[in-house]
Amino acid sequence: MKKKNYIRTPLYLALLIVSSSIHAFQSNGTNSIICDSDDCLQKAMDNAKPGDEIILKKGIYVGGKESPAKNYSAFSSDRDGEKGNPIILRGFSADEKPIITANRSGYSWYGLNMSGDYWIIKDIIVQKVLKGIVLDDASNCQLINVEVSDIGQEAIHLRKGSSNNLIKNCLVTNTGMRSEKDKGFGEGVYIGSDRGAHNKFDPNCNNNIVENCVFGPNISAEAFDIKEGTERTIIRNNTFYAEGITGVNYSDTFIDLKGLYGYVYGNTFNVDKGAENLNAIIDISNRTFGGYSYKTGKYSAIFENTINLSNAKGSIPTARLILDPEKQPSPATDVHVWDNNRSSSTSEIVDNTTIQVVQKSCPAWNEFRDCKSLGILGNTKNADFTIYPNPASASIHINGLENSIASEISISSIEGKLISKTIVKNINNTLSVNTLPQGMYIIAVTTKTGASSQVFVKN
């Protein structure tokens, strides 16, 4: 009998694709694996190779085993991607993210524990675990458009020498959920390790960037804890909400800076409600005591942030230097705080210790600004107008005091290069910023009494 030749129609192929929980195919040299089961996901992560793309369909993925980094977690991998050829783990749709959680109750185990380099993790949700995403000795990774919420302790931890990582467009809410005590360990992002654990965890978690993320509400501890031993942490263009900060274990600020070269700029801090336990925007600590002297308490740059304050919190400091007779007897040094926009008339540096140490200027070591070209800010008076929204994506609204008469409104780059100039009759105007690239810009308004300026962020 003659063997039949079957024609594989598009319908047949479609049915073949959906009939299994794991499907691998080649596309431009990349091995793409589509998963809709727990076993498929862990197997794909265990065997991942440079260039692999692991795609998760919408659903809940409940895993659990000891990770290669010796922590119990829902899912984990120690496989390495390569520069220019990373391993990608992503949700099938950015709008319908899959959920990763652990097969344990009571906020135990980690969500994702990664110890491989060159991973891109995007478009997923991690929830209902002790620690959300932990990178252990994992460098050159990216967490993009990831949501981490309902977490027992900290949401994201870069640990054990994890460096050169990027966290972008992420959302972190509801941390420190396991117990009242755990509220003091419910950080949004924790980078490095406490000096008491440096014999176990390499403290050199360097060159990490966190940008365009939203932190809060209901982050029970600090949104960021940047530990001693770290270097060059960049926190920029993020949005913070104070509501839910508990004050447990001295958690009464948005950011703790304890390493070297900490850059905090272009962020928006919302302190207009639920900020009863907030006592500073940023704490800066020098952890050199008891013989410890490794990379701490020096080179901090805090600039061009927007701080929306309530009447009750109008006088809290933008920066506060922590001193403790036993644990932190010496203040941090080379701390620069300048050009932050506060929605109150109180000077941005009000802490008695801080005001004696902080320099209100751009430092020469600031690699993100040419400090010599910032004269446009230094030569203008305090702004007598407001900008909203800030950050903005499409347009900004400029409001002045009592309809102040203005002759022109200009937009310049942060380096002072003029981008546009508009002739106006009064200060109240709406300007389109839709065509501007993302970044920091200066709005300058000229009136008959002179010029004033503010910084705004295009996102």
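1. In this note a residue is buried when its relative accessible area is under 20%, exposed when over 50%, and partly exposed in between (1.4 Å probe, protein chains only). By that rule R159 and D136 are both buried. The model is predicted: local features need pLDDT of at least 70, side-chain atom pairs count only at pLDDT 80 or more, and totals for chains, interfaces and linings use all residues. Residues are numbered from 1 along each chain as its sequence is written, and side-chain values use heavy atoms, with hydrogens and water left out.

2. Overall make-up. The protein chain has four helices and 39 strands; these are DSSP runs, H or I of at least four residues for helices and E of at least two for strands, numbered from the N terminus. The chain has 459 residues, of which 54% count as buried. A contact means heavy atoms within 4.5 Å. Of the contacts between residues at least 6 apart in sequence, 68% join residues at least 24 apart.

3. An open sheet is formed by 10 strands in the order 5-6-9-12-15-18-21-24-27-30, with mixed pairing. Two strands pair if DSSP finds at least two bridges between them. Strand 12 and strand 15 are joined by four bridges in the parallel sense, and I133 stands opposite I156 in strand 15. Helix 2 (residues 38–46) packs on the sheet, where it touches strand 5, strand 6 (72–77) and strand 9 (110–114). The direction of helix 2 makes about 50 degrees with that of strand 6; axes are lines fitted to C-alpha atoms, for helices over the stretch in contact, and angles run from 0 to 180 degrees between N-to-C directions.

4. Salt bridges. Side chains of opposite charge can pair when their charged atoms come close. The rule here asks for a side-chain nitrogen of Lys or Arg within 4 Å of a carboxyl oxygen of Asp or Glu. The count by this rule is 21 salt bridges.

5. One of these pairs is K128 with D150, whose closest N and O atoms are 2.7 Å apart. K128 lies in strand 11 (residues 125–129) and D150 in strand 14 (residues 147–151), so the bridge ties together parts 22 residues apart in sequence. K128 is partly exposed because its relative accessibility is 44%, whereas D150, with a relative accessible area of 14%, is buried.

6. R159 and D136 also form a salt bridge, at 2.7 Å from N to O. Since R159 belongs to strand 15 (residues 156–159) and D136 to strand 12 (residues 131–136), the pair ties together parts 23 residues apart in sequence.

7. R369 and E304 form a further salt bridge, with their closest N and O atoms 2.9 Å apart. The two residues are 65 residues apart, R369 in the loop between helix 3 (352–357) and helix 4 (375–378), and E304 in the loop between strand 28 (298–303) and strand 29 (306–309). R369 counts as buried at 10% relative accessibility, and E304 is buried at 3%. Elsewhere, salt bridges that share partners join D194, D225, K227, E228, D256, K258 and R287 into one network.

8. F215. This residue lies in strand 20 (residues 214–215) and counts as buried because its relative accessibility is 2%. Leaving out residues up to four places away in sequence, the residues F215 touches include V172, V189, F224 and Y241. F269 is 54 residues from F215 in sequence, and their C-alpha atoms are 9.6 Å apart.
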